[in-house]
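Visitor: I am new to this structure and would like a close look at one part of it, the sheets. Please take me through how they are put together, and then show me what else stands out.

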Amino acid sequence: MKIAIIGAGAAGLMAGITAKRLNKNLDIDIFDINSGIGKKILASGNGRCNISNTTVTKENFIGENPSFVEYALKQFDFKAFEKFCKSIGLLLDIKETCKVYPLSNEAKSVVTLLDSAVKSLGINLILETRVEDIVKQEDKFIVKSSNKEFKNYDKVLISSGLKAAPQLNATEDGMNIAEKLGHSCNPTYPSLVGLHTDFEYNNRMQGVKKEAEVTLYIDGQKENSIQGDVLFTKYGVSGFAILDISQYAVYPLSLYQDVQIAINLFPNINRNELLSMCENLFKNLPNEKTVVLLTGIVSNKLAPILLDVCKIDKESLAKNINAKQIRGLVNILINWRFKITDTQGFKHAEASGGGVRTDEVDSKTYESKKCKGLYLAGEVLDLVGHRGGYNLQYAWASGYVVGKSISK
């Protein structure tokens, strides 16, 4: 039996290795547009590769039907993943946060060992080949690149992802091919990505980083709150809290809804405490400039901007600031509102949302319900995980399920 796998990422590699281990008679070709396998694996975790997470559930995913992940995650849980890693010689470093990294702390070691496993099994890698179309003729598939046709495949897996990180040659070719083969898709959007704001002081705030709580508002309604690092940038905001909240903000933004965030710079201090601290500070140092006193509370860069926002003269002395003005400053510190206007786009996104609709795929085999012999796994499906190894764990799990299915 002849198998074609489109995409040598986590899902495709896992599917190929699993299938070949279960059925040595399979003839497997893995296609990839790049000159080597696992380009996104190499880039994950800033080169350290946050390869998995020990606690993964449907609650860690966003999409039309997050429950779709349950069967795969149960079939290939973290213990199964750890066993697989040992089978290829990869040892893991499990953090207290439940995030998992290779013990080597290098993504390159993950790709090297996967490459070795693929080659030792006799799986054929067809690299630097962009698959532009897949055609089914009777019960066989033809895989087409720009200058060549590869024929007589009994089964085909599309695991080529979507277009997050186009600099790594990421495309939506796989999704487009699935549409030609009868599938419908939900609109794609960048996920885990920095957000643009319309704030006039962005350039002056660039580089300020603060542990904060970020609350998302869609059309005025509170949607979600996340605590973590916020990094102010020349275009708006980034940092872990922003990447996380972006997963809930970007799709409504694409629908032209009003998307705003509120940043609480002091999430661990209640409003009354912070107000009392500020009042005492101003009272105890009445002849000090207000802008100088604020640098004892926030970054030097933020202090003059806060005064501008509150329409307070930067040259004002503390004794000339009244109670109402102090309350106004505190309100900004705990509820600083920003309108979101755009994102940093797919180039700077860690993942893509949207994709092939999961109700058109069998959750227990990952075979298409629209085209017999066609399988889909990983990011090409309309599922995107939270930051923290969830996307990779789902890629491994969905690839494993496909591997078992196509081996039969």
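Guide: Start with an open sheet of three strands, in the order 8-9-10, whose pairing is antiparallel. Strand 8 (133-137) and strand 10 (149-153) are at the edges with a single partner strand each, so one side of each has no neighbour in the sheet. On average, and with direction ignored, neighbouring strands here are turned by 20° against each other. Keep in mind that this is a predicted model.

Within this sheet, strand 8 is joined to strand 9 (residues 140-144) by five bridges, and the two run antiparallel. Asp 133, for instance, has Lys 144 in strand 9 as its bridge partner. As a general point, the strands of a sheet pair through backbone hydrogen bonds, in either a parallel or an antiparallel way.

Another open sheet has five strands in the order 7-2-1-11-20, and its pairing is parallel. Its edges are strand 7 (124-126) and strand 20 (374-376); each has a single partner strand, so one side of each is left without a neighbour in the sheet. From one strand to the next, the twist averages 20°.

Look next at strand 1 (residues 2-6) and strand 11 (residues 155-158), which run parallel and are joined by four bridges. Ile 5 stands opposite Leu 157 of strand 11. Helix 1 (residues 10-22) packs on this sheet, where it touches strand 1, strand 2 (27-31) and strand 11. The direction of helix 1 makes about 170° with that of strand 2.

Helix 11 (residues 302-309) and helix 12 (residues 323-334) pack at an angle of about 120°, and their axes are 10 Å apart. Their crossing is right-handed. Helix 11 brings Leu 306, Leu 307 and Val 309 to the contact, while helix 12 brings Leu 329, Ile 332 and Leu 333. By class, the residues of this contact are six nonpolar, no polar and no charged.

Helix 8 supplies the largest share, four residues. Sorted by class, the lining of this pocket has six nonpolar, four polar and two charged residues.

How values were computed
Residues numbered from 1 in each chain as written. Predicted model: local features only at pLDDT ≥ 70, side-chain atom pairs only at ≥ 80, totals over all residues. Heavy atoms only, no water. Nonpolar A, V, L, I, M, F, W, Y, C, P; charged D, E, K, R; others polar. Axes fitted to C-alpha atoms, helices over the stretch in contact; angles between N-to-C directions. Left-handed = near helix turned anticlockwise from the far one by under 90°. Contact = heavy atoms within 4.5 Å. Pairing = 2+ DSSP bridges.
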